[in-house]
Amino acid sequence: MIEIEGITKTFGEGASAFTALDDVSITIQSNEFFTLLGPSGCGKTTLLRTIAGFLDPTRGKLALDGEDLLSRPPYQRPVNTVFQSYALFPHMTVAENIAFGLEMLKKPKAQIKATVDEMLDLVQMAPMADRKTAQISGGQQQRVALARALAPRPKVLLLDEPLSALDFKLRKEMQLELKRLQHETGITFVFVTHDQEEALTMSDRIAVMNLGTIRQIGGPRDIYDHPAERFVADFIGDTNFLQAELLDTTGEAARIRLGSGAETTARAAPGGPGAGGQVTVAVRPEHAAITGAGGALLPGTLQEVVYFGTDTHYHVDLDCGGRFVVRVQNQPGHMQPREVGARVGIDFAAGIGQVLKD
Amino acid sequence: MSKGFDVRRQTGFNTIALTCFVLLYLPIILLVAYSFNAGDSIAIWEGFSWRWYVSAWENEQVQEATLRSVILACSSSLVATSAAVLAALATTRTKPWRGQTLVFAMVNQPLMVPEIVTAVALLIVFAAVKQATGYTGLLYLVLAHSAFCIPFAYMPVRARLQGMDLDLERAAADLYGSPVQVFRRITLPQLWPGILAGAMLAFVISLDDVVITEFVKSAGQDTLPTYMLGQIRRVITPEINAISTALLAISILMVITFFFLNRTRK
């Protein structure tokens, strides 16, 4: 278990000081696949480097299984990193790279050899063991970097956007591969990415970060279906934002009145705005349906139909102002031809909308 | 090819380029050519011969001066390179500290201070030391040469350290390598081409030095360049050409060696 408590990192001094991490607190469970997700400059890599020991935080506490980490240099932390640039040692072979950590730990020769062989098999690089790292492809380098970091059996594996340099197909493969490795090894993975899809596919839990702060922590479904605030809703997936009046809340259920005058229920996270005010409600494009104008929650005019192969996007200008996008999966025989300019309605079930905190 | 501005198509480009090359290389070509002169003159060609090479080879003063030059160049490049590696590490692998720029400037001081000034200063200091200690050995020259060779050794080492991916050292530390192990296993193997380049540069600079050597050397401590200077004051024979050509050949050989060393290591 990693306990991150009130970590703050400030670069520079005085007027030019820049706060990369602002009072960040997270608890990461053992064996968890935990992702730090956010746009570039949000502090996710800074946090990762702090855990690895390459950066000293200005304030805060960091403990692994109850033991303080901040007082130890990087080479005394049972934590290994997969670097974004892979950082393979160019003057060593693939096998020598993987053996490096074990040699530094002064493991017996026979054990080093056995572990290296095991790691080579694990990442399917056994035939390349004696190649220099410059002689293998990007995807292979990525796997060697992974094997090298896993070989000493760290308690925690830190991964700094390890897939960003790979092409689309290879990235998809490696995502599943990483997930499999995490299952097989039982090591805690802390994964840094700016790719929301990657985060949703692989993670047990995600921390969405922005401007050095944690905006929301939760499972992929939780984060996607119930974003707590506008930044999270906007950063992950596509979202429609609706202005609504919050009538009253009971627990997590909130009664809202939409701009069209229709009333429905939405989910409100605890600690959100109180009843009686204007709020923003987020609705995912695929959670809404397009219907006839009569009796729908939100009537409007169809402005654009965009065909995407797997699905079709309907852009609707609402009568109450604003634009709403509905995504409908394309099923054979179910194509409803709708003309641009036609009167249509938008419907979504009670409890689908999410009342945002801001 | 683009039809934009191309310096090679400007009027007179070929003439200027050719003039530059002729001015640069013609004297050297003449020098090399006359080292094979059979006659006693450095200006009148009397046919091909190896006699001046043989004569230089058998000249005991040349032998002595050459040996002294090589010993001096070897030891001072060793001292200078060691100091340069430490200086380069201190100016690239530590957190920025107050006075870092000053140290950088001071390490490179021999490049900026006129050589004659350093020479006179060393002469005065060493004269006092010689009088106080009575020691008149080669150590003064080794010290002086080491000092002005440091920036030449420092520059390629520093460039190499700065060009190195810092993540490599981070990765090694992350994989339980202590600072000493990281230096030995990761930094040093990658630094070798830079260290070799620095050492070779320092070697050639030391081998070539006249001004400081002339001021610092004790009696009977001629190096090859100061011996040649002394000879030219008396009578000039193609033997000087032969020695110069040999020096030139050594320099070219070192450049080529270094080029290939650097290429295979990448």
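A residue is taken as buried when its relative accessible area is under 20%, as exposed when over 50%, and as partly exposed in between (1.4 Å probe, protein chains only). By this criterion, buried residues make up 49% of the 358 residues in chain A. The structure is a predicted model, in which local features need pLDDT of at least 70 and side-chain atom pairs count only at pLDDT 80 or more, whereas totals for chains, interfaces and linings use all residues. Residues are numbered from 1 along each chain as its sequence is written, chains are lettered from A and ligands numbered from 1 in the order in which they are written, and side-chain values use heavy atoms, with hydrogens and water left out.

Chain A contains eight helices and 20 strands, both assigned as DSSP runs (helices H or I, at least four residues; strands E, at least two) and numbered from the N terminus. Along the principal axes, the C-alpha atoms of chain A occupy a box of roughly 75 × 50 × 35 Å. Of the contacts in chain A (heavy atoms within 4.5 Å) with a separation of 6 or more, 66% are accounted for by residues 24 or more positions apart.

A:Ala87, in the loop between β6 (79-82) and α2 (94-104) of chain A, has a phi near 50°, and A:Ala87 is buried, with a relative accessible area of 2%.

The size of an interface is often given as the accessible area lost when the parts come together. Between chain B and chain A, about 2000 Å² is buried, 61% of it on carbon and sulfur atoms, where buried area is the accessible area (1.4 Å probe) lost by two parts on being put together, summed over both. B:Asp174, B:Leu175 and B:Tyr176 supply 39% of the area that chain B buries against chain A, more than any other three residues. The contact involves 29 residues from chain A and 19 residues from chain B.

Two salt bridges are counted between chain B and chain A, each requiring a side-chain nitrogen of Lys or Arg within 4 Å of a carboxyl oxygen of Asp or Glu. One salt bridge joins the side chains of B:Arg185 and A:Glu103 at 3.0 Å, N to O. On the side of chain B that touches chain A, α8 (166-174) and α9 (179-208) of chain B each supply at least two residues, and α8(B) gives the most, with seven residues. The residues of this side divide into nine nonpolar, four polar and six charged, where Ala, Val, Leu, Ile, Met, Phe, Trp, Tyr, Cys and Pro count as nonpolar, Asp, Glu, Lys and Arg as charged, and the others, Gly among them, as polar.
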